Amino acid sequence: MGLFSFTQEIAIDLGTANTIIIHNDKIVVDEPSVVALDKRTDKLIAIGEKARQMQGKENEGIRTVRPLRDGVIADFYAAELMIRGMIKMIPTKNHLFSPTLKMVVCIPSGSTEVEIRAVRDSSEHAGGREVYMIYEPMAAAIGIGIDVEAPNGCMIVDIGGGTTEIAVISLGGIVSNKSIRIAGDDLTLDIVEYMGRMHNIKVGERTAELIKINVGAALTDLEDAPEDYIVHGPNRMTALPMQVPVSYQEIAHCLEKSISKIEAAILSALEQTPPELYADIVQKGIYLAGGGALLRGLDKRLTDKLNIQFHIADDPLRAVARGTGIALKNVDKFSFLIR
Ligand SMILES: Nc1ncnc2c1ncn2[C@@H]1O[C@H](COP(=O)(O)OP(=O)(O)OP(=O)(O)O)[C@@H](O)[C@H]1O
């Protein structure tokens, strides 16, 4: 290394929907996991929010790409450009020399060897010299503030964009885990399909996501009910503009099937949990993390259905990133990090 080389330590929550980077205990990047590329040359045009704004509005020369699908890298080239570009967004005092990167990156607990390799390769190509990986539910648990090394079982349900990860953690390891490819993005697609079928209105994924955020619900009877949300878009048949008020009750119906699948996966994970750990989980409750945890009434629905208390993590969209940041400071201590 040269005389002026310095090490920058970063933690990356590389998500299907959002990527968050932590540096010096602070969130320095929080952007949608999207890149816009020149169709002809494959050159990078925009990253993150700027690229997201181009989604669905591309002209002939531009394509937007989400490099991750279902929690894993689906497009290596785009993933590398995205990681590199987001690292460049980190405000740094020293612009003259590029730093040596020490990174902790989180990966879905169901990742195959090939998928883990893909994250490592992309991180190294983006400048990582020392790359550690951590499983997402472990990072979520640490981010929630759980002592993951204690001889106590805890269950984390992390509902992200592409995957729902359900894991039981004890003594610094994942005892059992279940990862299903039904999560926030599937709920969004349910809404796209529903709006077309029931209201004859064509909506894109961004509008459907806004519907989910504004009136998405897991119960048809909410104590704190949101007002109807007005959706604007073209009629599917006539292409004329229309506006439709949507209530949370109808969105709860529309999401029912996917939520039931998440519920069934949690139940099956509980069935596979060893009895001693099961008792700990019943006593402490189950923790919900990831953006999906924000769906109205989900915690209540699960609590009532399974008769175990569900707790929503503080700022659930950032729990995994917070935990990854803590792991970064403890790379010598946490033996469960993948080197
Ligand atoms: N208020 C909300 N209500 C419901 N869903 C929400 C809300 N806010 C965000 N989401 C959803 O959360 C998902 C993103 O969550 P998160 O950032 O935890 O996922 P990710 O880490 O990018 O994905 P993955 O873990 O699958 O790789 C998106 O599908 C988004 O639509």
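Strand β14 (residues 229–234) runs antiparallel to strand β15 (residues 241–246), and six bridges join the two; strands pair here if DSSP finds at least two bridges between them. Within this pairing, Ile230 is placed opposite Pro245 of β15. Six residues lie between the strands of the hairpin, and Ala239 takes a positive phi near 65°. Strands (E, at least two residues) and helices (H or I, at least four) are DSSP runs numbered from the N terminus.

The model is a predicted one, in which local features need pLDDT of at least 70 and side-chain atom pairs count only at pLDDT 80 or more, whereas totals for chains, interfaces and linings use all residues. Residues are numbered from 1 along each chain as its sequence is written.

| Helices | Angle | Axis separation |
|---|---|---|
| α7 (residues 248–271) and α9 (residues 298–306) | about 45° | 12 Å |
| α2 (residues 76–88) and α3 (residues 113–125) | about 45° | 9 Å |

The angle of about 45° between α7 and α9 makes α7 oblique to α9, where oblique is what remains once angles under 35 degrees (roughly parallel), over 145 (roughly antiparallel) and 65 to 115 (roughly perpendicular) are set aside. The crossing of α7 past α9 is right-handed, that is, the near helix is turned clockwise from the far one by less than a right angle. Glu263, Ile266 and Leu267 of α7 make the contact with Leu302, Lys305 and Leu306 of α9, contact being counted when C-beta atoms, placed from the backbone, lie within 7 Å. By class, this contact of α7 with α9 has four nonpolar, no polar and two charged residues; Ala, Val, Leu, Ile, Met, Phe, Trp, Tyr, Cys and Pro count as nonpolar, Asp, Glu, Lys and Arg as charged, and the others, Gly among them, as polar.

For α2 and α3, the angle of about 45° likewise makes α2 oblique to α3, and their crossing is right-handed. From α2 the contact draws on Phe76, Ala79, Glu80 and Ile83, and from α3 on Ala118, Ser122, Ser123 and His125, with four nonpolar, three polar and one charged residues by class.

Around the ligand there are 24 residues, of which Gly15, Ala17, Gly160, Gly184 and Gly291 come nearest; a residue is near if its C-beta atom, placed from the backbone, lies within 6 Å. Helices α5 (184–199) and α6 (205–215) are the elements that give two or more residues to this shell, whose residues divide into six nonpolar, 14 polar and four charged.

Conventions
Axes are lines fitted to C-alpha atoms, for helices over the stretch in contact, and angles run from 0 to 180 degrees between N-to-C directions. Two residues are in contact if their C-beta atoms, placed from the backbone, lie within 7 Å.
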